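Subject: Handover of a structure and notes on its helix packing

Dear colleague,

Please find below the structure that I am passing on to you. My notes come after it, and I would be grateful if you would read them with the coordinates open.

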Amino acid sequence: MDYLSRREKNARIVLNEFYLPLKKALEKGDEEKLHHIADNLLANPRLAKAIEEANEGHPKLMAYALYLYLNRDKDVKEEIEETVKLLRNKPLKVLLLSLIEKD
C-alpha cells in the first residue's frame with residue numbers, strides 16, 4: 001500500500017506542478033510561464049523527484065526541451081532533433097516535433 005500511496009502522491013505532484021501549468025501556458029501562449037515551468041523543473045527537487053519516480057522523464061532534459069521551444073525562432077533545429085531522440089516525456093516530444101514538422 002505504501003508503494004501505491006507514494007505513486008499516487010508523485011502523480012498528483014507531477015500533474016499539478018507540471019502538466020496543468022504546461023497546458024495552461026501553451027493554450028495561452030504564455031512564454032513567461034513556460035520559462036517559469038522550465039526553471040521550476042531545475043529548482044524544485046520535490047517536482048524533479050516526483051517526475052523521476054513517476055517515470056515521466058528526466059527533469060533537466062525536460063527543462064532543456066522547454067528552453068529549446070522558447071528559443072524556436074533561433075537556429076536550433078539540430079538541437080531539437082537531438083533532444084527529441086533523448087526525451088522520454090511524450091508531451092514535450094510532441095511539442096518539439098511540431099516545431100520540426102513546421103519547417
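Please bear in mind that the model is a predicted one.

Helix packing

On the helix 2 side, the contact involves E31, L34, H35, I37, A38, D39, L41 and L42. Helix 4 contributes P59, K60, M62, A63, L66, Y67, Y69 and L70 to this contact.

Helix 4 also packs with helix 5 (residues 77–86): the two axes come within 10 Å and cross at roughly 150 degrees. Helix 4 is thus roughly antiparallel to helix 5. This crossing, too, is left-handed. Here L61, Y64, A65 and L68 of helix 4 are in contact with E79, I80, T83 and L86 of helix 5.

The arrangement of helix 2 and helix 3 (residues 45–53) is described by axes that come within 6 Å and cross at roughly 85 degrees. Angles of 65 to 115 degrees count as roughly perpendicular, so helix 2 and helix 3 are roughly perpendicular to each other. The residues that meet are N40, L41 and A43 from helix 2 and P45, L47, A48 and I51 from helix 3.

Salt bridges

Side chains of opposite charge can pair when their charged atoms come close. In this model the count of salt bridges is 5. One joins the side chains of E17 and R46, with an N to O distance of 1.9 Å. This pair links distant parts of the chain, since E17 belongs to helix 1 and R46 to helix 3, 29 residues apart.

Surface patch

Lastly, M1, Y3 and L4 form a nonpolar surface patch of about 420 Å². Of these residues, Y3 is located in helix 1 (residues 2–28).

With kind regards

Definitions and conventions. Residues are numbered from 1 along each chain as its sequence is written. This is a predicted model: local features need pLDDT of at least 70, side-chain atom pairs count only at pLDDT 80 or more; totals for chains, interfaces and linings use all residues. Side-chain values use heavy atoms; hydrogens and water are left out. Patches are made of residues with over 30% relative accessible area and no salt bridge: like charges are joined within 9 Å, nonpolar side chains (Val, Leu, Ile, Met, Phe, Trp, Tyr) within 5 Å. Accessible areas come from the Shrake-Rupley method with a 1.4 Å probe; for residues, only the protein chains shown count as cover. A salt bridge is a side-chain nitrogen of Lys or Arg within 4 Å of a carboxyl oxygen of Asp or Glu. Helices (H or I, at least four residues) and strands (E, at least two) are DSSP runs, numbered from the N terminus. Contact means heavy atoms within 4.5 Å. Axes are lines fitted to C-alpha atoms, for helices over the stretch in contact, and angles run from 0 to 180 degrees between N-to-C directions. Angles under 35 degrees count as roughly parallel, over 145 as roughly antiparallel, 65 to 115 as roughly perpendicular and the rest as oblique. A crossing is left-handed if the near helix is turned anticlockwise from the far one by less than a right angle, and right-handed if clockwise.
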